[in-house]
Amino acid sequence: MCGIFGVYNYYGDVGEFRQRALDLSKKLRHRGPDWSGCIVADNNIVCHERLAIVGVDTGAQPLTNADESIVLTVNGEIYNHRKLEAELKQPASFKTHSDCEVILHMYNEIGTDVCAKLDGMFSWALLDRRSAKSRLVAARDPIGITTLYIGRVSAHPETVFIASELKSLNEECDQIDEFPPGHYFDSEDGQFHRYFKPDWWTPERIATAPVDYRQLRESLTAAVRKRLMAEVPYGVLLSGGLDSSLISSIAVREAARISASAQSDTEDIDTRGARYFPRMHSFSIGLPGAPDLIAARKVAKFLRTAHHELTYTVQEGLDAVADVIYHLETYDVTTIRASTPMYLMSRKIKSTGVKMVLSGEGADEVFGGYLYFHYAPNADDFHKETVNRVHNLHTSDCLRANKSTMAWGLEARVPFLDKEFLQVAMNVRAEDKQCSKELMEKAIIRRAFDVEFAGANFTPEELAKGPYLPHDVLWRQKEQFSDGVGYSWIDSLKEWAERRVSDDAMAAVQERFPYDTPSTKEAYLYRELFEQRFPQKACLKSVVRWVPRTDWGCSADPSGRAQKIHDKAY
């Protein structure tokens with residue numbers, strides 16, 4: 001992951017604007033502290049702030065072709081770069097060992113069709129100078145794991161600004177939009193074009209395929225394996241919940257399998273990470289005595305990871321909220337609740353020398369894991385809600401996972417959002433995903449990795465390795481991260497807001513915030529802190545609030561404990 005910034009078709013003197021562009025790009029340096037680059041070409045500027053994970057010795061950006069007629073700045077990882085390099089029809093002179101350089105050479109051959117060929121998480125902007133008028137092509141990964149924004153100045157609509165974060169645009173642009181995931185932008189027509197078109201994407205198309213537990217297990221394993229691509233120390237985020245524990249278990253198994261096998265240059269995926277750093281490091285965080293810390297400790301012992309247990313106090317968390325809002329660029333209550341401990345953990349992880357972690361985001365959306373899914377009226381509504389939640393991941397969990405970690409130059413990778421795994425999982429009928437009082441949420445993925453479940457269809461080789469996880473962890477009830485770090489965390493945030501926001505202020509909330517009006521004192525406080533840092537109206541447009549389905553009879557409170565099905569509901 002890195003930070004990218006660019007200006008296409010600048011309306012003024014581009015030479016004079018160069019220093020301003022460097023200053024705006026510098027606002028992203030927390031994302032890429034390892035190196036900075038800038039290319040000015042015609043009336044365009046392309047900048048890059050680099051976090052070196054792959055191609056550490058030679059991967060500085062922006063990248064260019066031989067005659068510098070194509071300029072590329074990329075944030076992300078391309079897991080199938082070796083396969084794509086082998087597909088090139090023309091001889092290409094690679095200047096770096098970066099996994100991202102293949103984008104440039106593929107674009108040279110097939111143009112914007114390159115977007116659909118990429119397997120990874122990415123946001124990039126490419127300047128094509130081969131014609132009389134330069135062309136800008138920018139793209140974002142299918143689900144929006146990486147963050148990207150596009151800005152304009154209404155007085156000069158011909159100019160386009162691109163940046164990884166809002167903070168590089170809000171002082172220059174009076175129109176700012178989140179770049180839609182699964183799309184590319186083309187300056188030739190000024191339009192976004194959807195390139196990600198899986199058959200499951202339309203909510204009204206109801207999935208009908210019965211679950212194949214082995215296929216589900218094998219596709220998730222493949223998703224984890226390809227994400228072990230790295231040339232730097234890496235680890236796993238381990239909350240002790242199902243999702244992170246499962247990813248950790250698979251990662252430990254795959255790293256051991258890769259390190260024990262002979263190295264091959266013919267593999268489609270890059271497995272250097274597991275060979276360079278075979279011992280897995282795991283990280284957890286919580287208030288002292290938190291449920292997640294206890295569960296994570298048990299999983300780490302079972303998996304024999306080098307475990308790092310990190311704690312924070314309520315006051316340390318409260319002191320960090322303003323910084324979290326600045327880095328997350330949101331005022332959404334549930335995102336801020338969960339992002340604060342993740343932000344604190346990321347800082348401590350980076351201090352250990354680890355630069356990349358695997359994380360469990362996405363499973364709750366794919367499999368209907370949030371406790372409010374227990375109240376889905378029927379299978380069709382259950383399925384539609386999973387699709388809609390995946391659609392909106394870029395506004396919540398992906399945004400949290402990306403910006404909380406990248407605030408400290410730490411990269412998070414999310415196997416549950418692998419596009420090949422999604423193709424399998426999102427086509428499974430809702431009847432096999434639904435939960436009830438008798439059947440725990442996400443039973444489908446629990447069963448797929450439960451060696452005691454006969455229908456999982458394990459191979460003898462798999463069974464010989466024993467269980468993936470302790471049974472009570474594999475079947476632990478869903479605990480939202482903001483709850484699992486300690487039940488007093490959310491309670492303390494509410495009490496803090498109660499002290500900070502007066503009754504009189506809350507009574508006048510509609511007048512103070514007529515757009516997207518906060519409904520609680522906690523929401524009021526976050527909105528106030530957000531507007532102190534991002535006062536421009538254009539900044540409000542990209543914020544989306546995460547709420548359960550109240551029309552299903554659920555509480556509007558995003559905490560899992562607000563749902564009656566929770567073992568410790570309030």
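How many residues lie between S11 and S12 in their hairpin, and which residue in the turn has a positive phi? I looked this up before anything else. S11 and S12 form a hairpin with four residues between them, and Gly190 in the turn has a positive phi of about 70°.

**Ground rules.** I am working from a predicted model, in which local features need pLDDT of at least 70, side-chain atom pairs count only at pLDDT 80 or more, and totals for chains, interfaces and linings use all residues. Residues are numbered from 1 along each chain as its sequence is written, and side-chain values use heavy atoms, with hydrogens and water left out. For the element names I took DSSP runs, numbered from the N terminus: helices are H or I of at least four residues, strands are E of at least two.

I then checked the pairing, where two strands pair if DSSP finds at least two bridges between them. Strand S11 (residues 183–186) and strand S12 (residues 191–194) run antiparallel and are joined by four bridges. Asp186 has Gln191 in S12 as its bridge partner.

**Strand S1.** I looked up burial next, with buried meaning under 20% relative accessible area, exposed over 50% and partly exposed in between (1.4 Å probe, protein chains only). In strand S1 (residues 3–8), six of six residues are buried. In a regular strand the side chains alternate between the two faces of the sheet. S1 runs antiparallel to S3, with five bridges, and Phe5 has Cys47 in S3 as its partner. S1 also runs antiparallel to S9, with four bridges; here the partner of Val7 is Phe161.

**Glu165.** I found Glu165 in the loop between strand S9 (156–163) and strand S10 (175–178). Is this residue buried or exposed? Glu165 is buried, at a relative accessible area of 1%. For its neighbours I counted contacts, meaning heavy atoms within 4.5 Å. Leaving out residues up to four places away in sequence, Glu165 touches Leu28, His30, Arg31, Thr147, Tyr149, His327, Glu329 and Lys403. The side chain of Glu165 also makes a polar contact with the side chain of Lys167, at 2.6 Å. By polar contact I mean a pair of N or O atoms within 3.5 Å; within protein, one must be able to donate a hydrogen and the other to accept it, and residues adjacent in sequence count only if both atoms are side-chain atoms.

**Backbone exceptions.** Most residues other than glycine have a negative phi, and most peptide bonds are trans. I noted the following cases.

- Asp42, in the loop between strand S2 (35–41) and S3, has a positive phi near 55° and is partly exposed at 48% relative accessible area.
- Glu68, in the loop between S4 and strand S5 (70–78), has a positive phi of about 60° and counts as partly exposed at 44% relative accessibility.
- Gln61 and Pro62 are joined by a cis peptide bond with omega about 5°; Pro62 is in the loop between strand S3 (44–50) and strand S4 (63–64).

**Five-stranded sheet.** I traced an open sheet with the order S15-S14-S13-S16-S17 and parallel pairing. Strand S15 (306–311) and strand S17 (411–413) are the edge strands, each pairing on one side only. Strand S13 (residues 234–237) and strand S16 (residues 356–358) run parallel with three bridges, and Tyr234 has Met356 in S16 as its bridge partner.

**Leu358.** Leu358 is found in S16 and is buried, with a relative accessible area of 0%. Which residues does Leu358 touch, not counting residues up to four places away in sequence? I listed Val224, Arg227, Leu228, Gly235, Val236, Leu237, Ile247, Ala251 and Arg413. The C-alpha atoms of Leu358 and Ala412 are separated by 5.6 Å, although the residues are 54 apart along the chain.

**Helix H10.** In helix H10 (residues 333–351), 15 of the 19 residues are buried. H10 bends by about 30° at Ser339, with Pro341 following within four residues. I took the bend as the angle between axes fitted to the seven residues ending at a residue and the seven starting there. After H10 comes Gly353, with a positive phi near 100°.
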